[in-house]
Amino acid sequence: YVLFVAKKYEKAHEVMAKVLKLDPSNPNILRLMGWVSYETKNDADGVNALQRYFQLKGDTAKMIMPLDYDYYAKLLQRTHKDSLAVIYFQKSMAADSLNLPRKRQIIETISDLYKNQNKKVEAAAYLEKTRQFKTGIDGQLEIKIGNLYRDAAVELVPKDSLQKKAFLMNPSPAFMTLFVKADTSFSKVCQSNPKVYYGFLARARLYNLIDPNGTKGLARPYY
């Protein structure tokens with residue numbers, strides 16, 4: 001533990017590996033091996049160590065620290081096990097729910113993991129959790145939420161030009177639900193930062209989706 005605190009991660013990894021050969025079921029050493037392996041990018045060692053640690057302790061045990069879940073989630077994220085990483089980031093957040101800056105960071109990380117899985121709606125919905133914080137949500141994050149909803153709406157529009165034209169004349173309820181959510185986020189930015197252009201530009205581009213030729217002039221007020 002002293003080596004870990006001193007950030008002598010390579011030496012700590014070497015020491016932990018030797019100790020585990022003598023005592024392979026020592027939970028404290030397995031925990032530290034997981035932490036150190038993340039820092040030294042020995043991801044396979046880290047995943048294996050923390051898997052064994054959770055098996056020994058039970059991953060709902062009171063003795064498990066938020067950092068245990070956090071390091072395991074980051075190892076899973078780095079080894080492209082995004083779905084499982086989400087679960088352990090959620091466990092980490094639940095174990096330390098009063099640390100709001102950390103909670104916000106984890107929420108953004110989970111949202112990015114959903115986006116990596118092409119789950120744009122889930123990614124946006126997860127980011128919306130930051131609205132519950134007393135500190136509120138900044139404009140850039142609202143834009144990110146709106147963009148995710150907009151991109152999810154775009155995926156519902158047919159690629160064929162004739163089908164696209166017919167669709168935009170009578171959009172599906174699913175499309176309009178996503179459109180309204182995107183517009184809600186962008187409008188929040190316009191209201192909170194009326195002298196900043198990017199909220200209005202985002203709304204203009206959004207309305208271009210349903211009025212691509214500008215014949216109805218839907219985007220004009222925001223340009």
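This is a predicted model: local features need pLDDT of at least 70, side-chain atom pairs count only at pLDDT 80 or more; totals for chains, interfaces and linings use all residues.
**Stop one: D43.** Select D43, which sits in helix α4, residues 43–57. D43 has a relative accessible area of 15%, and it counts as buried because that value is under 20%. The side chains of D43 and R78 are joined by a polar contact of 2.7 Å. To see what else D43 touches, show S37, L75 and T79 alongside R78; these are its contacts once residues up to four places away in sequence are left out.

**Stop two: K41.** Go to the loop between α3 (27–39) and α4, where K41 is found. Its phi is near 65°, a positive value in a residue other than glycine. K41 has 62% relative accessibility and so counts as exposed, the cut-off being over 50%.

**Stop three: H80.** Next, select H80 in the loop between α5 (66–78) and α6 (82–95). H80 is not a glycine, yet has a positive phi of about 65°. With a relative accessible area of 71%, H80 is exposed.

**Stop four: the largest pocket.** Select S161, K164, K165, L168, M169, I210, D211, P212, N213, T215 and K216, which line the largest pocket. The space in this pocket is about 230 Å³. Which helix gives the largest share of the lining? Helix α10, residues 161–169, does, with 5 residues. Coloured by type, the lining shows 4 nonpolar, 3 polar and 4 charged residues.

Key:
Residues are numbered from 1 along each chain as its sequence is written. Side-chain values use heavy atoms; hydrogens and water are left out. Helices (H or I, at least four residues) and strands (E, at least two) are DSSP runs, numbered from the N terminus. Buried means under 20% relative accessible area, exposed over 50%, partly exposed in between (1.4 Å probe, protein chains only). A polar contact is a pair of N or O atoms within 3.5 Å; within protein, one must be able to donate a hydrogen and the other to accept it, and residues adjacent in sequence count only if both atoms are side-chain atoms. Contact means heavy atoms within 4.5 Å. On a 1 Å grid over the protein atoms alone, a cavity is a set of points where a 1.4 Å probe fits but cannot get out, and a pocket is an open set with protein on both sides within 12 Å along at least five of seven lines; lining residues have an atom within 4 Å of a point. Grid points are joined across faces, edges and corners, and a volume is the space filled by probe spheres set on the points. Ala, Val, Leu, Ile, Met, Phe, Trp, Tyr, Cys and Pro count as nonpolar, Asp, Glu, Lys and Arg as charged, and the others, Gly among them, as polar.
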